[in-house]
Amino acid sequence: MATDEELLARSGTDASAFEPLVERHSRALHGYFARRAPGAADDLLAEAWLRAYAGRGTYDAARGPVRAWLFGVARNVLAAHWRGQERPAAAVLAGEASSDPWHAVDRRLDAAAVAPLMRRTLAELPSVERELLLLIAWEQLSPTEAAAVVGVPAGTARSRLHRARTRLRAALGPSAPLSLTGDLV
Amino acid sequence: MTGQQDMNDRNLLDFPGARRLKAAGKVAPPSADAVAAALAAVRSAAGAAEGNGPAVEYELEREPVAAVVPLRSWRRRLPVLASAAAVVAVVAGVAFGPWSDSGEARGSSPAAQGSAAQERTGTAPYWKVQTRQWSRTSESRQKDESYETVWRSRSDTRGQSGDGPVQYYTQDVAGVPYTICNNRIYWDQLDKLPTDPAELRARLVGKETGEEADEGLFLGIEELLAGSPAEPRLRAALFEVLTRIPGARVTEHVKDSTGRAGTAVDLDAGTWRERLIIDTGTFHALELVNTARNDGLKWGKQELRAGDLLMRTTYLSVGPAWEAPRP
């Protein structure tokens, strides 16, 4: 089976080679959008693939795996989406930056009964740290891949991720209430 | 990356509640229709590029996409159907980024402007940063020290960890932004930033407020001072903004871990204390130091005391470079 990189390279002269990429990665990209813009995930998925197709000639395999590159495209599409949205009144009042999907993410965490303390701690993280953390927790990217998606050097990403983890440990540490499974309640 | 870093990376989600956080990310897979629509859109774009017939006809609620047009303005202009011309533009489009615009603006992206600006000003195409990073390991008192060199340009960031291979770090071919709070600033926007501290702060912070804005500003300024080719006037203004962050404390005549003299700006952020040491002659960053703010901070199996070192990034050298190794 051809690798993503081989398919993307071949798609420059054979457009049909791009199609397996859509089939392979749509689930992951759709999940990325569904977690951050649940009402628009289908549309954003199509937008992301069109952008990726249009920009396929600029991909350089030496820059990293296709998967991380696709999430970078998706991140740009998501930011454009949120900039163009009417934001919830609560987000406006809170002064949230217009391209930050945090409000939607927080609603998801609330619905999933994630502890208010964790939500508050995540909300207080700098947005880049929060984004890196969620790319690893939800999209299962490596720190280096997440760094590439967000656009910071890998060393910076590792440093910020360590900082985020320390914050979470400090806020949610042994004194925080735990369930019988040891998970935060 | 060292073996120790590998281990640390694997443990990044080692905090109470991580399992529930991960579980909260579970979503249903896309419907077959959604994937089919994406595939059809790509096929139509490919077909239009080859002149093989009509472009995609989207349903009313499914707006078309043109990568050469920013989504917002494009949505205003083309609310219903993607024309064949628009789809051809997608396929032929050279620009690929948030600043992409229609015909008259083609070539005016920050990346495109870069080459002209470079010729005009003679500035080097890369900004090279060599760092030494130290971080307290979570599992033992063993020190974890590493070296990294990063070359940053308008369109990519590449780096080398220790003696390892040079790798591309970033993917955004249309420009690599500096992220300050939640705002993105591109290389070619640096010389357009205001140098009045109040205006600069407003530009950098945007709409963010509170402690998150203060810490985001602190870290963003560190990124600009260390990793960007900002001009001296802008550097001086960034330093001024840094010292005016609520809660920031300035200490002159301090030394970094290599013995270089500078001015420290401290900011308390949650359970951490951030310290950025700056050479106030050049306004270049010398070192970023993170320490425990109070006694009792948990760090893996350790319980730290106020002032214990958590992480330190020492900027061994920063400056313009005319060349960067190819990965």
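Predicted model: local features only at pLDDT ≥ 70, side-chain atom pairs only at ≥ 80, totals over all residues.
Residues are numbered from 1 along each chain as its sequence is written, while chains are lettered from A and ligands numbered from 1 in the order in which they are written.

Entry: the α3/α4 pair, chain A. I checked the axes of α3 (residues 41-54) and α4 (residues 66-83), which come within 9 Å and cross at roughly 125°. My axes are lines fitted to C-alpha atoms, for helices over the stretch in contact, with angles from 0 to 180 degrees between N-to-C directions. That angle makes α3(A) oblique to α4(A) (under 35 degrees is roughly parallel, over 145 roughly antiparallel, 65 to 115 roughly perpendicular, the rest oblique). From α3(A), I listed A:Leu44, A:Glu47, A:Ala48, A:Arg51 and A:Ala52; they meet A:Leu70, A:Val73, A:Ala74, A:Val77, A:Leu78 and A:His81 of α4(A). Contact here is C-beta atoms, placed from the backbone, within 7 Å. I sorted this contact by class and got eight nonpolar, one polar and two charged residues (nonpolar is Ala, Val, Leu, Ile, Met, Phe, Trp, Tyr, Cys and Pro; charged is Asp, Glu, Lys and Arg; the others, Gly among them, are polar).

Entry: A:Arg56 sits between α3 and α4 of chain A. Is A:Arg56 buried or exposed? I found it buried, with 22 other C-beta atoms within 10 Å (buried takes 20 or more, exposed 12 or fewer, partly exposed falls in between, with C-beta atoms placed from the backbone). Beyond its neighbours within four places in sequence, A:Arg56 contacts A:Leu8, A:Ser11, A:Gly12 and A:Phe18. I also took the C-alpha separation of A:Arg56 and A:Gly12: 7.3 Å, for residues 44 apart along the chain.

Entry: chain totals. I counted ten helices and zero strands in chain A, against nine helices and 13 strands in chain B. Helices (H or I, at least four residues) and strands (E, at least two) are DSSP runs, numbered from the N terminus. Buried residues make up 60% of the 185 in chain A and 43% of the 327 in chain B.

Entry: α7 in chain B. In α7 (residues 197-205), I have B:Arg201, B:Leu204 and B:Val205 as buried. Down the axis of α7(B) the buried residues fall within an arc of 90°, so they line one face of the helix (the arc is that of directions from the helix axis to the C-beta atoms). B:Gly206 follows α7(B), with a positive phi near 65°.

B:Pro197, B:Leu200, B:Arg201 and B:Leu204 of α7(B) make the contact with B:Ala237, B:Glu240 and B:Val241 of α9(B).

Entry: I noted A:Gln140, at about 60°, in the loop between α8 and α9 of chain A. A:Gln140 is partly exposed, with 14 C-beta neighbours inside 10 Å. B:His253 also has a positive phi, about 55°, and lies in strand β7 (residues 249-255) of chain B. B:His253 is exposed, with 8 other C-beta atoms within 10 Å.

Technical notes. Contact = placed C-beta atoms within 7 Å.
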